Amino acid sequence: MKRNVILILLSACLCVSCVSADKPESQEILKPMPFQQVVLADSFWLPRLQLQKDVLVPFALDKVRPAMDNLRKTGNYLHGIKDELPFPHRFVASDLYKVMEGAAYLLALQRDSVLEHTMDSIINLIEGAQEADGYLYEAHTTGVSANHEHWGGGGMGDKPYSWVIHSHELYNMGHLYEGAVAYYQATGKDKWLKIAEKSARHINHVFFEGDPKYNDGKPVNQAPGHEEIELALVKLFRATGDSLYLQLAKRFIDIRGVTYTPEGDGVMAPEYAQQHLPVREQTKAVGHAVRATYLYSGMADVMAQTGDKTLAPALDSIWANIVDTRMHITGGLGAVHGIEGFGPEYVLPNKDAYNETCAAVGNVMFNYRMFLAEKDAKYVDVAEVALYNNVLAGVGLEGNKFFYVNPLETDGHTAFNQGMRGRSPWFGTACCPSNIARLIPQIPGMMYAYTSDEIYCTFYAGTSAVVPLQDGKVTVKQITSYPFDEKICFEIDPEHDGQKFAMRLRIPTWVSRQFVPGKLYHYVDGGPASWKILLNGKEFSAKVHKGFATIYRTWDAGDKIELQLPMKVRYSKAIPQVKDDIDRLCVTRGPLVYCAEAVDNAAMVGSYVIAPSENVSVQKGTDLLMENIDFLTVPAHSVQDTACKSLTMLPYYAWDNRGDDAMIIWLPANDSLAKASIPNIPDYIGDVYATHTFDQDDVYAMIVNGYPANSFDTSIPRWTSWPQVGKEQTVELKLKRPLRLQSFSVYWYDDHGGVQVPESWRLEYEENGEWKPFPIYVTDEYRMLKDQYNMVHPGNDIMVEALRMYIVPKAKAAAGILSVQIEEAK
C-alpha cells in the first residue's frame with residue numbers, strides 16, 4: 001500500500017514538472033530566426049511578398065537604373081574605357097542597394113534565375129566601380145564632384161571623406177552591406193559580400209588608423225551625418241563572424257557627438273544628426289527622425305552583441321520619450337515638416353503631420369532590435385503598430401504607388417505628398433519606396449527568436465520554421481488569419497519527444513487598457529480584454545513576464561497551442577497635452593488603426609461625430625483591391641447631413657487606393673468640433689503679378705483653381721506667358737499678412753505645343769521688405785513634373801510677406817501655370 005502511495009506522489013510530481021507557466025529568462029543573446037528559414041503560408045503577408053516580386057521590385061529596379069548607369073560609367077573610368085562621366089549625386093546609389101536588398105529577400109522566398117542574373121550583373125557593376133583600396137563613391141572617384149555643391153547641407157565635399165556630415169558616403173555603404181548580407185544569405189553567393197568586407201576594412205583603416213591617400217594621412221575619426229553604417233556593420237559581423245565589423249560599429253557610436261559637433265541651424269544644427277551630445281548622454285529623440293532611429297537601432301544592436309549596458313540608460317530614456325511624447329497612434333515618427341524630424345513634445349498634428357515612411361521603417365527596426373536586446377514584448381508592440389499602419393500605408397495595394405508623407409487627415413484637395421494629393425509612382429528623393437522594397441520581405445525574419453531552450457513568438461502570421469534549440473530542432477507551424485482573426489494556432493513538432501523548452505507567446509498591449517505602449521493614448525471604452533491560451537484543447541493559465549506568456553514543459557509531436565486575442569473595436573483618446581486630438585476619438589481593432597475615407601461616406605468625413613459603442617458591424621471589402629480587408633460600420637452622425645447615421649471605416653494602411661479623397665483618423669467627439677472640421681481652404685494671397693500674361697488668360701486663375709485634372713486641363717482658366725517663347729518670366733504673389741511658410745506648390749500647364757513645362761524655376765521670398773533666396777530643403781528640388789503639384793519646403797523657418805517665382809521657359813515655348821498652393825506652418 002505504501003508503495004502505491006509513493007508511485008502516485010511521484011507521478012504527480014512528474015506531471016507538475018512537465019508543464020509550467022513560468023521559466024526564468026535566459027541570459028543568452030536572443031537570436032532571430034533568419035528570414036530564409038521561415039516559410040510564409042498566410043493570406044496577409046504572402047500575397048504582399050508575391051506582389052513585391054511581381055510588381056514592386058521590377059518597377060523599382062527600372063526607376064534606379066540611373067544609379068546603375070553611374071556605377072557602369074565609374075567602372076569604365078577606373079579601367080580606362082571611354083565613356084560619359086556619371087552625374088554627381090550624394091545618395092542615388094543607396095536607393096539601388098535598398099531595392100537589391102529587397103530583391104535578395106524575395107529570392108529566398110522563391111529562386112528566380114532571371115532576377116538572380118539581374119542581381120549578378122549589377123553586382124559586377126558595383127565591383128567595377130570600387131577602387132582597389134575599397135573606396136566606393138562615384139562622384140569623388142571620377143571627379144564629377146567638382147560640378148556639385150561641396151559644403152553646406154547639400155554638399156558632398158571636394159574630395160573623399162571631406163564632408164562626412166552630408167556626403168552620404170558611409171550611408172551608401174551601410175545600405176550596400178545590408179544588401180550584400182541579404183544576397184549571401186538568400187543565395188550563398190559571396191561576391192557582393194566580399195565587396196562589402198573590402199569596403200568595411202577600408203573605412204576602418206581610413207577613419208581609425210589613417211591612410212596617406214585620405215585626410216592627409218590622419219584618421220578621419222568622425223561619425224557620419226546620416227546614420228546607417230552602424231547597424232549594417234553589425235549585420236556584416238553576424239554574417240561573417242568577423243569581430244572587426246562589430247568593433248567598427250561600436251567606434252562610430254562611441255565618437256558621435258564627441259569628435260565633431262556641427263554649428264548652425266536647420267540641417268547643420270547639432271541636433272539634426274544627433275551630434276549634440278555623446279550618445280550615452282542623450283535622453284530625448286531629436287533631429288531628423290530617420291537618422292535618429294537608424295542610430296538607435298545601431299546602438300541597440302551593439303548593446304545586444306557586445307553586452308555594453310552603458311548604452312541602456314540612453315536607449316531606455318529615448319524610447320520612453322518617443323512613446324510618451326512624440327509618436328502618432330499609427331506608429332509614425334517625425335511629425336514636423338522642415339527637418340523631417342521630431343518636433344516639440346506633444347506636437348502631433350493630424351492634417352499637417354509629416355511622418356516620413358522611412359521614419360516608420362526606422363521605428364520598426366529600432367524597436368525590433370530593442371526587443372532582441374531586452375526580450376521585452378513592449379518593443380514588438382510598437383514595431384507592430386508602426387508596421388501594420390504607417391509602413392504599410394506607405395505603399396499602395398497595387399504595389400506601384402507610394403507615400404513619402406503620411407498625414408492622419410486630408411481634405412482631398414491639398415497636396416501633401418511631395419506635391420501630390422495622393423500616392424506617387426516615385427520621388428526625386430526615392431528613399432521611401434526603396435525602403436519599403438527591403439523592409440516588407442524582412443518580416444518573416446521577425447516572426448521568431450530563440451535561445452538554447454526558448455522560442456519567442458513575436459509577430460503573428462501563417463508561418464512554419466525549424467528552430468535549432470540545444471536539445472534538438474523544433475518545427476513550429478503557425479496557422480492564423482491575423483491581423484483580422486483573433487485566433488492563432490501553433491503546432492509543435494520537436495525532434496525528440498519529451499524535449500523540454502519554453503514557448504513564449506506575445507500578449508500585445510492592444511488587448512490591455514491601451515492600444516500601444518506609452519502615455520499618449522488610452523482606451524475610453526472599458527478595461528482589458530480577456531485573452532486565453534488553450535494547450536491541447538484545455539485552457540492553460542500562463543504567467544506573463546515582459547509581455548510574453550510562457551508555456552514551459554516537455555513537448556511531444558502533435559502538441560497544439562491556441563492563443564485567443566479578442567479583437568473588439570476600441571475607441572482611444574489622447575492625453576490633454578496633445579492639443580490636436582482634444583475632443584477627438586480614434587477607432588482601432590486588433591493592431592490596426594481605422595480611418596474614414598470620403599469614397600465610403602455620403603457626408604464630409606470630418607463632419608461625423610462618434611462616441612464609444614458596442615453596436616459595430618464588421619464586413620469584408622467587396623471590390624477587387626479591398627477583398628479580405630475588414631471594414632467597420634460604426635454609429636455616428638454628421639453635422640453636415642443629418643440623414644447620415646453611421647460611418648464606414650477601413651484600415652489606415654488601405655486608404656487612398658480608390659482615388660485621392662478626404663480621409664480622417666481622429667474623429668470629432670462633439671458637434672462644435674465637427675462643424676469646425678469641415679474643410680475651409682484659407683486665402684492668404686492678396687494679389688498676383690506677372691511680367692506678361694496672354695490676353696486670353698488670367699493671372700488670377702492660379703490662385704482660384706482647385707486641383708486640375710491634369711496639366712492639359714482646358715476646362716479651367718490658366719495663366720500663360722504666350723507668345724513670349726523662351727523668355728524668362730516672373731510671377732509675384734503678395735500675401736495679405738506675413739506667414740510662416742510650410743510649403744509652396746505649383747501645378748504647371750502644358751498644351752504639348754507652344755506652352756510647356758519650363759526648363760527651370762526658382763523662388764525668392766520677401767521678409768521685412770527685403771527679397772531673399774528661398775532656402776530650399778536639402779532633399780527637395782525645383783521640379784517640372786506634369787499632372788501633379790511640384791512642392792518645395794523651406795530648409796529653415798521663414799516668415800514670408802511675398803513670394804516671387806523666376807521661370808525659365810524652354811527655348812521654343814512659353815510658360816504656364818494652372819494652380820499654386822501656399823501652406824502655412826502651424
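This is a predicted model: local features need pLDDT of at least 70, side-chain atom pairs count only at pLDDT 80 or more; totals for chains, interfaces and linings use all residues.

Colleague: Okay, which helix gives the largest share of the lining of the second largest pocket?

Modeller: That's α8, with 5 residues. β2 (31-32), α8 (169-187), α10 (229-240), α14 (357-374) and α16 each supply at least two.

Colleague: What's the volume of that second largest pocket, and which residues are closest to its centre?

Modeller: About 690 Å³. Of its 28 lining residues, P32, P34, Q185, K235 and R238 are the closest to the centre. On a 1 Å grid over the protein atoms alone, a pocket is an open set with protein on both sides within 12 Å along at least five of seven lines, a cavity is a set of points where a 1.4 Å probe fits but cannot get out, and lining residues have an atom within 4 Å of a point. Grid points are joined across faces, edges and corners, and a volume is the space filled by probe spheres set on the points.

Colleague: And how does that pocket lining split by class?

Modeller: 17 nonpolar, 5 polar and 6 charged. Ala, Val, Leu, Ile, Met, Phe, Trp, Tyr, Cys and Pro count as nonpolar, Asp, Glu, Lys and Arg as charged, and the others, Gly among them, as polar.

Colleague: What about the second largest cavity?

Modeller: That one has about 60 Å³. Its lining includes N70, F87, H89, R90 and Y137, and both α4 and α6 (138-142) supply at least two of the lining residues.

Colleague: Switching topic: how many disulfides?

Modeller: The structure holds 0, a disulfide being a pair of cysteine sulfur atoms within 2.5 Å. Take C586: the nearest cysteine sulfur, that of C595, is 9.6 Å away.

Colleague: Is C586 buried or exposed?

Modeller: Buried, at 0% relative accessibility. The cut-offs are under 20% relative accessible area for buried, over 50% for exposed, and partly exposed in between (1.4 Å probe, protein chains only). C358 is buried too, at 1%.

Colleague: Where does S512 sit?

Modeller: In the loop between β10 (499-506) and β11 (521-523). S512 is partly exposed, with a relative accessible area of 24%. Leaving aside neighbours within four places in sequence, S512 is in contact (heavy atoms within 4.5 Å) with Y523, G527, P528, A529 and R570.

Colleague: Last one, what's the strand order in the sheet of 7 strands?

Modeller: β3-β7-β8-β9-β16-β12-β13, an open sheet with antiparallel pairing. β3 (38-40) and β13 (538-539) are at the edges with a single partner strand each, so one side of each has no neighbour in the sheet. Two strands pair if DSSP finds at least two bridges between them; β12 (residues 532-535) and β16 (residues 559-564) are joined by 4.

Note on methods: Residues are numbered from 1 along each chain as its sequence is written. Side-chain values use heavy atoms; hydrogens and water are left out.
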